[in-house]
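I opened the model to look up a few sites and wrote down what I found. The entries follow in the order in which I made them.

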Amino acid sequence: MIKNVGGTEIKAKHRASCHCGTVVLELDLPNGIVDPRRCDCSLCRRKGAIVASVPLSGIKVIQGEESLRLYQFNTRTAKHYFCSRCGIYTHHQRRSNSSEYGYNVGCLEGVNPFAVGTVPTNDGVNHPADRSK
Ligand SMILES: [Zn+2]
């Protein structure tokens, strides 16, 4: 649980935005930044964002919903959202746990994701949903 990043306090309701400011989200982060990580899957290795978790009820799009675009690939289970104007990834509905969103820590207002500290890398190459059951 991370409640302060480089002097920026993580609020229980913290705003996040894309680069151009068209898309604004309000995140419920009563426990701060939960489970931040990078991922080496084919999408995340290109995107490079640090991603943290919230329940689906924990993200409200308060501005720019019409500018969000959806990207899906492979099994088309996860829903990856990005701003159609500036191209920034804001959040995605997980494939590994569809009751959660991941969100771009770098979009949090006032937060420098490089100040979060050491972040583990998720083994996205060997995705849990791809392993034989
Ligand atoms: Zn934008």
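I take a nonpolar core to be a set of buried Ala, Val, Leu, Ile, Met, Phe, Trp, Tyr and Cys residues joined through side-chain atoms within 4.5 Å. For burial I use relative accessible area with a 1.4 Å probe and protein chains only: buried is under 20%, exposed is over 50%, and partly exposed is in between.

Basis. The model is predicted, so I note that local features need pLDDT of at least 70, that side-chain atom pairs count only at pLDDT 80 or more, and that totals for chains, interfaces and linings use all residues. Residues are numbered from 1 along each chain as its sequence is written, and side-chain values use heavy atoms, with hydrogens and water left out.

Entry: core. I looked up the largest nonpolar core and found 24 residues in it. Leu 27, Ile 33, Tyr 103, Val 105 and Leu 108 have the most contacts inside this core. At least two of its residues come from each of β4, β6 (51–55) and β11 (100–104). Strands here are DSSP runs of E with at least two residues, and helices are runs of H or I with at least four, numbered from the N terminus. I then listed the contacts of Ile 33 (heavy atoms within 4.5 Å). Leaving out residues up to four places away in sequence, Ile 33 touches Met 1, Ile 2, Val 5, Ile 10, Ala 52, Tyr 103, Val 105 and Leu 108.

Entry: zinc site. Which residues coordinate the zinc ion? I find Cys 18, Cys 20, Cys 83 and Cys 86, each through SG, at 2.3 to 2.4 Å. Donors are N, O and S atoms within 2.8 Å of the metal (3.2 Å for Na, K and Ca); water is not among the atoms, so sites may look incomplete. The angles among the 4 donor atoms are 106 to 114°, and the site is tetrahedral. Four donors get that label if all angles lie between 85 and 135 degrees. For reference, the ideal angle for four tetrahedral donors is 109.5 degrees. Along the chain the donors of the zinc ion are spaced as C-x1-C-x62-C-x2-C. Cys 20 is in the loop between β3 (13–17) and β4 (24–28) and Cys 83 is in strand β9 (residues 79–83), so this pair ties together parts that are 63 residues apart in sequence. I checked the accessibility of both: Cys 20 is partly exposed at 27%, whereas Cys 83 is buried at 0%.

Entry: sheet. I traced an open sheet of 3 strands in the order β3-β4-β7, with antiparallel pairing. Two strands count as paired if DSSP finds at least two bridges between them. β3 and β7 (59–63) are at the edges with a single partner strand each, so one side of each has no neighbour in the sheet. From one strand to the next the twist averages 30°; axes for such angles are lines fitted to C-alpha atoms (for helices over the stretch in contact), with angles from 0 to 180 degrees between N-to-C directions. I count 5 bridges between β3 and β4 and 4 between β4 and β7. β3 and β4 form a hairpin with 6 residues between them, and Gly 21 in its turn has a positive phi of about 85°.

Entry: strand β4. Is β4 largely enclosed or open? Since 4 of its 5 residues are buried, β4 is largely enclosed by the rest of the structure. Val 24 is buried at 10%. Val 24 stands opposite Ser 17 on one side, and its bridge partner in β7 is Gln 63. Glu 26 is also buried, at 16%, and stands opposite Lys 60 in β7. Asp 28, also in β4, is partly exposed at 27%. Beyond four places in sequence, Asp 28 touches Ala 12, Lys 13, Val 54, Ser 57 and Gly 58.

Entry: positive phi. I looked in the loop between β8 (68–71) and β9, where Asn 74 is placed. Asn 74 has a positive phi of about 55° although it is not a glycine, and is exposed at 55%. Arg 76 lies in the loop between β8 and β9 as well. Its phi is positive, near 55°, and Arg 76 is exposed at 53%.

Notes. Four donors count as tetrahedral if all angles lie between 85 and 135 degrees; four count as square planar and six as octahedral if opposite donors are over 155 degrees apart and all others between 65 and 115; anything else is irregular.
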